[in-house]
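This report covers a single protein model.

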Amino acid sequence: MHFFTYKNNKFYAEAVSIEKIAKEVGTPCYIYSHKTLTRHYAAFDEAFKDVPHLICYSVKANSNIAVLNTFIKAGGGVDIVSGGELFRALKAGANPKKIVYSGVGKREDEIEYALKTGILMFNVESPEELRAINKIAGRLKKKANFAIRVNPNVDPKTHPYISTGLKKNKFGIETEQAIQEYVYAKNNLKNLIPIGVDCHIGSQLTQLSPFVDALRKTKEIILTLRSEGVEVKYLDMGGGLGITYENEDAPHPSKYGKAVIDATRGLDVTLIFEPGRVMVGNAGILVAKVLYTKQGTEKNFIIVDAAMNDLARPSLYGSYHAIKAVTKKSAKEIVADVVGPICESGDFFAKDRELPPFKSGDLMAIMSAGAYGFSMSSNYNSRPRAAEVMIKGNKFTIIRERESYKDLTKGEKIPKDRQ
Ligand code: LLP
C-alpha cells in the first residue's frame, strides 16, 4: 500500500503533484512518501504487538538520514553494515541501544567505533571476527554483546545474488560450528557477552516457508545453547520480506508476523527484525524525463535522463519496475525499451514493455524504487547523483540536493609532477 495516485490524470505523491516537484527540483529525482513509510513501519510493528520485539530498519535499503529519522521517530532501531552506516544512523538520531551491526567484513576501526558508541550487539559472521571483536573490546576495556549469524542452509527461493542462507554463500557460520563458537567464547573470550542468535537468509522472499524453516533450525540452536549454559535473550530474524513489484504475491507483514510468532512460541526471546525493502521499496519512485524517442527496425527506444547509475536493479538483477506516465495518456500503448544515456547495453529500466506513447519532454515515474535505488547509485559516466525529495501531506522537502559537477571531482588531485 502506498500513496502515489492519479488525480485528474496527473500523478501525485500524497497531495503534491509530481510535475510540480520535477519542475522545481529537476530530473532525475527520487521521491519518497512519508505517509507510506510510517504506514509500512506501523504495519510491521502491529504484526508483532503481542510479543517483545525491536524493529531495526536495514539502513542499506535507503540510507538517507530523513528516511532513517522517520523510522527512529516511530520507535525503531537500525541494522548497520559499516562505519558509514553507523555514522548516518547516529546523525539521524538512532539510539545506540537499538543498533545491531551485521556484515562479513567489519574492519578494526569500524568495530572500535561501534564499541565506543555502545551498540546493542554485533552479529558475528566468522570465528576470526569473534576473536577480533574480543581483542578490540579488551583493548578498549569494554564488553561486546554479540549474536552469531547462523547459516541455516535454507533456500530462500529468490534471486541468487540476494540469497544468503545457503552453505555456498559467504554469510554466517554453519550450525555445528556456531554452537562450538558460542561455547568457546563463553569459556575463553572474556570481553564478549553472548546475548542472541541471528539469521538472515536472503532478500525479496515472497514465500513464508523458508522463514519458517530457518526459524525451526534457529530455535533448535537456541535450545542447545541454553542447555550449554549460554544465555540467549534475542532472536534476530534479519530482513528479507518481499514486496510486489509486478505481480508477486508477497505476504503481508501480518501473515509473516503470525508465522514467526507461531514458530517461536514459548521461546522466551525478544525478536529483532531487520526489514529494509518492505519498509521503503514501495514508498519511493524515481522520476525521469524523456529526452528522445527513436524507432529502430526491431525496437522502439524511449531514452530518459535517468540511468543505471541512478537505479541499478534492472541491469543488475533484471528486476521489474512498473513505469507510469506522470500525465496520463489516452493514446494507444506502444511496445518499447526504456533506456538511459549510459554507454552500456545493460543500461535499461524496461525491455519490450507495453507503455503509454511517451514523447520527448514527458515525465515518467519508475515505481517501487525506494529500496536499493539511491543507496546503490553511483557516479558512473560522471553523472551527478539525483536529488531526493520527501513528501509529507501537501509539503515537500529536498532531503538530498542533486550533486553538482564540483561534487564529482571532490577530493581528486593531479600529482604535482604532472602539472
Ligand atoms: N539484514 C541483513 C543482514 C541483510 O544483508 C539485508 C539485506 C537486510 C537485513 C535487509 O533485507 P531486506 O528486508 O531489504 O530484504 N540490492 C538488492 C538487495 C540486497 C539485500 C542485501 N541484504 C536488491 O536491490 O534487490
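## Residues with positive phi

S382 lies in the loop between β19 (363–366) and β20 (387–392). Helices (H or I, at least four residues) and strands (E, at least two) are DSSP runs, numbered from the N terminus. Phi of S382 is near 50°, a positive value in a residue other than glycine. S382 counts as exposed, at 52% relative accessibility. The classes are: buried, under 20% relative accessible area; exposed, over 50%; partly exposed, in between (1.4 Å probe, protein chains only).

Q204 also has a positive phi without being glycine, near 55°. Its loop runs between β11 (192–198) and α8 (209–227). Q204 is buried, with a relative accessible area of 11%. Most residues other than glycine have a negative phi, and most peptide bonds are trans.

## Basis of the model

The model is predicted: local features need pLDDT of at least 70, side-chain atom pairs count only at pLDDT 80 or more, and totals for chains, interfaces and linings use all residues. Residues are numbered from 1 along each chain as its sequence is written, and side-chain values use heavy atoms, with hydrogens and water left out.

## A cis peptide bond

T27 and P28 are joined by a cis peptide bond, with omega about -5°. P28 sits in the loop between α1 (18–25) and β4 (29–33).

V290 belongs to strand β14 (residues 284–295). V290 is buried, at 1% relative accessibility. Beyond its neighbours within four places in sequence, V290 is in contact (heavy atoms within 4.5 Å) with several residues, including I302, I303, V304, F358 and M364. K359 is another of the contacts. The C-alpha atoms of V290 and K359 are 6.6 Å apart, although 69 residues separate them along the chain.

## Domains and overall form

An automatic or database domain assignment sets the bounds. Domain 1 covers 4–32 + 281–408, and domain 2 covers 34–279. Their C-alpha centres lie 32 Å apart. The contact takes 23 residues from domain 1 and 23 residues from domain 2.

The protein has 12 helices and 21 strands. Its radius of gyration is 23 Å, close to the 22 Å of the globule rule for 419 residues, so the protein is as compact as a globular protein of that length. That radius is taken over C-alpha atoms; the rule is 2.2 Å times the number of residues to the power 0.38. Of the 419 residues, 55% count as buried. The C-alpha atoms fill a box of roughly 70 × 65 × 40 Å, taken along the principal axes.
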